[in-house]
Amino acid sequence: MKITIDGQVLEINEGTTIKEACESIGVEIPNLCFDEDLKNEGACRLCVVEVEKAKNLLPSCVTMVTDGMVVHTESEKVLNARRTVLELLLANHPNDCMTCDKTGRCRLQDYFYRYDIKKSGFEGERREIPIDDSHPFIIRDLNKCILCGKCIRICDELETSAINYIVRGFYTKVGTFDDDGLKYSSCVSCGNCLDVCPTAALMPKSAQGKGRPWELTSVDTTCPYCGVGCTLRVHLNKNKDIAYVDSPKTSVNQGYLCIKGRFGLDFVKSPDRLKKPLIRKNGDFVEVSWDEALSFITDRLKTIKDKYGPDSIGGLASAKCTNEENYIFQKFMRTAIGTNNVDHCARLCHAPSVAGLGAAFGSGAMTNSIEEIEYADCIMAIGTNTTETHPVISIRVKKALKRHGAKLIVIDPRKTEMAEMADIWLRPVPGTNVALLNGIMNAIIEEGLAKHAFIGERTEGFDEFKESVKKYTPEVVSKITGVSPEDIRRAALVYAKAEKASILYTMGVTQHITGTDGVMSIANLAMLTGNVGRPSTGVNPLRGQNNVQGACDMGALPDVYSGYQKVTDEAARSKFERAWGVKLSERPGQTVTEMINAAYEGKIKALYIMGENPVLSEADAGHVEEALKNLDLLVVQDIFMSETAELADVVLPAASFAEKDGTFTNTERRVQRVRRFLDTPAEVKADWQIINDLSMLMGYPMNYSSPMDIMEEIRSLTPSYAGITYDRLEKGGLQWPCPSLEHPGTKYLHDGKFTRGKGKFNPIEYREAAEPTDREYPYILTTGRMLYHFHTGTMTRRVDGLNKIAPSGYLEISYEDAGNVGISDGDNLRVTSRRGSVVLRAKVTERVMPGVVYMNFHFKEAAANKLTIAAVDPVSKIPQYKECAVKLEKI
């Protein structure tokens, strides 16, 4: 259709707003309540335009164009209306621009300047609302609120509906339920409202007094927490103090952040940071020079290697370090030491994904992209508490439900926020995922909903698989899982009938002795319905740490080099031997769980640990501690004196993510830049520099001068990274496989063909958990994360605001169980398993089912892994974190 804007005729598609049409030709329309990612209401009336033949001025952000429309954006009538709106706002707005921290980035102030508003022509009563500073990170000054409603909309549409308009008329304001402080509301502290607020009504406390916008510098980097890979734009003053953190709209996270990414970076300046190398002498740590520390390590490693052989030494790389650092670490272990004994914490989270999806599809990575989740017709979330563990991905889920009408199926023993949002919530007994998935697939086959064309063309092994699930009828499965046959069939129909169905899963699937079986069962379900190799479908393991995907990609695993090239493959091994100039071991190394046991038995004599904390993260922590104490040499390289570092012979101070350059690879295989924004403390070195220097002393010179040098070597040896360079990453992240400099990256995998050729159905039988309950230990303990802390708490528990919100752990127990044993909310409990006991407070809740209790693993004072069992999946060697038997005692 044709319309005319300020005399310019243009062709516009139907369904376009006047505002969009104007901006398509460079005509800016002022606005205070508009946001391109929210439902718009036309509330501020600053965007009004004059349309010929219309009776009134029209709000351009919500008015659609019509054929022949003639629009005037700057007529006298329009300008007068905008000035009137601004004067009305000024009549009830503080005039403290000279001292306001928003000055220079306040849109209201900008429009006052643009339209020459020096004072208001309207006088009368002014609101005086007490400032709310109850929240540890956010300050609310509602005297500066213009009631645009953007904070309400973003919270309602994408978060928890913690705020809304309250009161009416002149006294209308944005408030919480019962008008309490923000701290006492259901606010999850994401701070996304800060980004949309056009004034200083909502401000980060950290920005107060840190400087004006023109006095700040900004650096884009990648978040050091979960695997979403959010872009952080860090704003710093001249003293390198962080004023505030936000994110560009063009990022993988669409500009949204969670509490940890936005407010959780203070740990980098914690006084607890390690500042100098330490050697244990006569039982105590003593500060030493780098030369002494590295010489000591070199001498001990050489002695152990000469006496016991290279396989008596093991190394743990880190999902918190960069790709470049993980690559150089595994190279160091394989060249300077001569062993494949290298692993990292992927063993404890998504090793079953690497094994299971590798067996079924040929690749163990997330098949599709984060943005595609929003456009799925059905989302099946299995064992994932997405709103707490991957909050920004949960925004995509909420958009799918609220904006596109998707159906959500949640499989989880706990009543999480995801379960509350679900159209269908299946609540199985912990450890019965395989049986439940077999029951769902049985129902799909019985209903004639299997995609036989896809199965015949793209897969193999279907007949044997089909025979294996015959006995798993919904009625049989119901007796195993506790889920009704009707709900099993209902979930099967919703998933199978969807045109585009996406599966999300995390530790609730993998952290079992049947973790690999669970992953292969999920792969079976996706192939059965043809939901692989297309947009908004797939099998999507959500990675738990910032670079756990990258650490795997880089070969920080005992059986593969970078790019998952097998150490047992002679051609791959020969390629790396030529590139590295050494003879490499063809024997796969030990996993972290195997290395810990070998250390306990005296077979592993030395461990080099970079950025991991196994004393808290490994199952059966007491056994781990004993094993580490049995070593001849323990070296820990970290940013803090972790619980593991406290046991070390040598502790090396490493740079944080804020003090170095490099790359992380997020959960969707997207490689992104990490950029230094703080100076490295004087006696601290980046992890890659430490390994580089140590390797030289060990007789294997590496001679890298920068992370870019390391990335050039990575891409020369790793086909999936061959097209990834720092220059290209300056323009944005790239998703592997990216095999050439011309390749744009790969949004979704297995398009037309699986990585292994044909997808493989694997018949999977249900097996019971390793440790059933009994009369002495009558409860199943399951573990997981909370929103406000991360992993073993090494970083988040050094952020004051996070500790104020979540100062300690707790044990969730059902109302029924609490009533039966006389436990009240807040009581102190001793929780005991066959391996140890901890004390923490009770949280009586409906979130867990009778017979099941739950606790977080972030808190060393109540370390969940003192209780968990070290029984492992026979394929991936992951421990069974998600169920062990415990008893409770009120104290």
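1. In the second largest cavity, the lining comprises 21 nonpolar, five polar and two charged residues. Here Ala, Val, Leu, Ile, Met, Phe, Trp, Tyr, Cys and Pro count as nonpolar, Asp, Glu, Lys and Arg as charged, and the others, Gly among them, as polar.

2. The model is predicted: local features need pLDDT of at least 70 and side-chain atom pairs count only at pLDDT 80 or more, while totals for chains, interfaces and linings use all residues. Residues are numbered from 1 along each chain as its sequence is written, and side-chain values use heavy atoms, with hydrogens and water left out.

3. The second largest cavity holds about 280 Å³ of space (a volume is the space filled by probe spheres set on grid points, which are joined across faces, edges and corners). A cavity is a set of points, on a 1 Å grid over the protein atoms alone, where a 1.4 Å probe fits but cannot get out; lining residues have an atom within 4 Å of a point.

4. Of the 28 residues lining the second largest cavity, Cys151, Ile163, Val174, Cys193 and Leu202 lie nearest its centre. Helix 4 (150-158) is among the elements that supply at least two lining residues, and helix 4 gives the most, with three. Helices (H or I, at least four residues) and strands (E, at least two) are DSSP runs, numbered from the N terminus.

5. The largest cavity has a volume of about 590 Å³. Its lining has 12 nonpolar, 21 polar and four charged residues, and strand 32 gives the most to that lining, with three residues.

Methods: On a 1 Å grid over the protein atoms alone, a cavity is a set of points where a 1.4 Å probe fits but cannot get out, and a pocket is an open set with protein on both sides within 12 Å along at least five of seven lines; lining residues have an atom within 4 Å of a point.
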